[in-house]
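I opened my notebook today to look over a new structure, one topic at a time. Here is the molecule, followed by what I looked up.

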Amino acid sequence: GVPIQIRQLSKVYGSFRALDAVDLDVRSGEFLTLLGPSGSGKSTLLMALAGFSRPNSGSIAFDGDEVTRRPPHKRNIGVVFQNYALFPHMNVAANVGYPLRLRRVGRAETADRVRRALDLVQLSSMLERTIDSLSGGQRQRVALARAIVFEPKILLMDEPLSALDKKLREHMQIEIRHLHEKLGVTTIYVTHDQREALTMSDRIAVINQGRIAQIDKPRELYEAP
Ligand code: ADP
Ligand code: ADP
């Protein structure tokens, strides 16, 4: 993983401040959760980190390199969305290999990396399956495999489990946490679910109305008077 430094980051929509001068340091290899109610700015912050949304002011640095104006594909990040954003007309292997195709990685290496990524999410037997034929949990694993296939130093996840039922969600929380530890990747995880944040995180940043209201380890955050 690599450390992330966010300084005075602001994003406005018209006259509405979605992010209000956010300062945040994420440690190398850390699992940090952004926890806050709907509309608090979690997705906006994540999309700015991913490069899909352009902040109005402030800066973002990965490992000391300013990336604020760098396009998404040059940031070496993996992203997992709430709705998975898989390509339904392509099979599992093609979906997972897609980021490598964009980067013009050769066939043999692509096949090898796709197999390894699918091994990590326990889907190696499903290379040829169509997305339509998969369960919700399996689709989520495909999205995870696609996010890690080029070995990013940073993994961003926006409510990745919200479409799953409770039991599967709890199971996937543990799997995602294990995967994070195995890869050593700096992870920023967005949720509005307090229990999920407590279960998964090294630290929790509580976000409210575009500001970080509080940031601490799960235990300290909820045992404080
Ligand atoms: P969260 O992820 O915490 O639910 P968001 O970051 O998606 O919050 O949104 C923060 C606020 O910014 C919300 O009030 C939302 O309606 C607003 N917002 C987000 N994207 C846009 C946009 N493209 N145009 C206008 N307002 C937006
Ligand atoms: P999330 O579920 O991650 O909070 P939303 O459902 O709020 O996301 O938003 C989905 C998409 O719509 C995002 O691309 C966001 O930027 C955009 N969006 C959200 N709120 C508004 C808004 N008030 N006006 C325009 N676009 C918005």
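**Entry 1: Salt bridges**

I started with a count, and the protein has 11 salt bridges, a salt bridge being a side-chain nitrogen of Lys or Arg within 4 Å of a carboxyl oxygen of Asp or Glu. Before going on, I noted that the model is predicted, that local features need pLDDT of at least 70, that side-chain atom pairs count only at pLDDT 80 or more, and that totals for chains, interfaces and linings use all residues. I also noted that residues are numbered from 1 along each chain as its sequence is written, that chains are lettered from A and ligands numbered from 1 in the order in which they are written, and that side-chain values use heavy atoms, with hydrogens and water left out.

I then picked out Asp-112 and Arg-116, whose side chains form a salt bridge at 3.3 Å, N to O. Both residues sit in helix H3 (residues 107-120), four residues apart, which is about one turn of the helix. Helices (H or I, at least four residues) and strands (E, at least two) are DSSP runs, numbered from the N terminus.

Glu-151 is partly exposed, with 49% relative accessibility.

Next I looked at Glu-175 and Arg-141, whose side chains meet in a salt bridge of 3.4 Å, N to O. Since Glu-175 belongs to helix H5 (residues 166-183) and Arg-141 to helix H4, the pair ties together parts 34 residues apart in sequence. Here both partners, Glu-175 and Arg-141, are buried. I also jotted down one network, in which salt bridges that share partners join Arg-17, Asp-20 and Arg-211.

**Entry 2: Ligand 1**

Which residues surround ligand 1? My list reads Tyr-13, Phe-16, Ala-18, Pro-37, Ser-38, Gly-39, Ser-40, Gly-41, Lys-42, Ser-43 and Thr-44. A residue is near a molecule if one of its heavy atoms lies within 4 Å of it.

By class, this shell around ligand 1 holds four nonpolar, six polar and one charged residues. The classes work like this: Ala, Val, Leu, Ile, Met, Phe, Trp, Tyr, Cys and Pro count as nonpolar, Asp, Glu, Lys and Arg as charged, and the others, Gly among them, as polar.

Tyr-13 has a polar side-chain atom 3.3 Å from a nitrogen atom of ligand 1. For Lys-42, a polar side-chain atom is 2.9 Å from an oxygen atom of ligand 1.

Strand S2 (16-26) and helix H1 (42-50) are the elements that give two or more residues to the shell around ligand 1. The largest share, three residues, comes from H1.

**Entry 3: Ligand 2**

Around ligand 2 I found Ser-43, Gln-82 and Asp-158. An N or O atom in the side chain of Ser-43 is 2.7 Å from an oxygen atom of ligand 2. The protein covers 17% of the 550 Å² of accessible area that ligand 2 has on its own.

Gln-8 is not a glycine, yet its phi is positive, about 50°. I placed Gln-8 in strand S1 (residues 4-13), and Gln-8 is partly exposed at 44% relative accessibility. Asp-63, a residue other than glycine, also has a positive phi, near 50°. Asp-63 is found in the loop between strand S4 (57-62) and strand S5 (65-66).

**Entry 4: The whole protein**

I finished with the overall picture: the protein has seven helices and 10 strands. Of its 225 residues, 48% count as buried.

Note on methods: Buried < 20%, exposed > 50% of the residue type's maximum accessible area, 1.4 Å probe, protein only. Polar contact = N/O pair within 3.5 Å; in protein donor to acceptor, adjacent residues only side chain to side chain. Areas by Shrake-Rupley, 256 points an atom, 1.4 Å probe, with all protein chains shown as cover.
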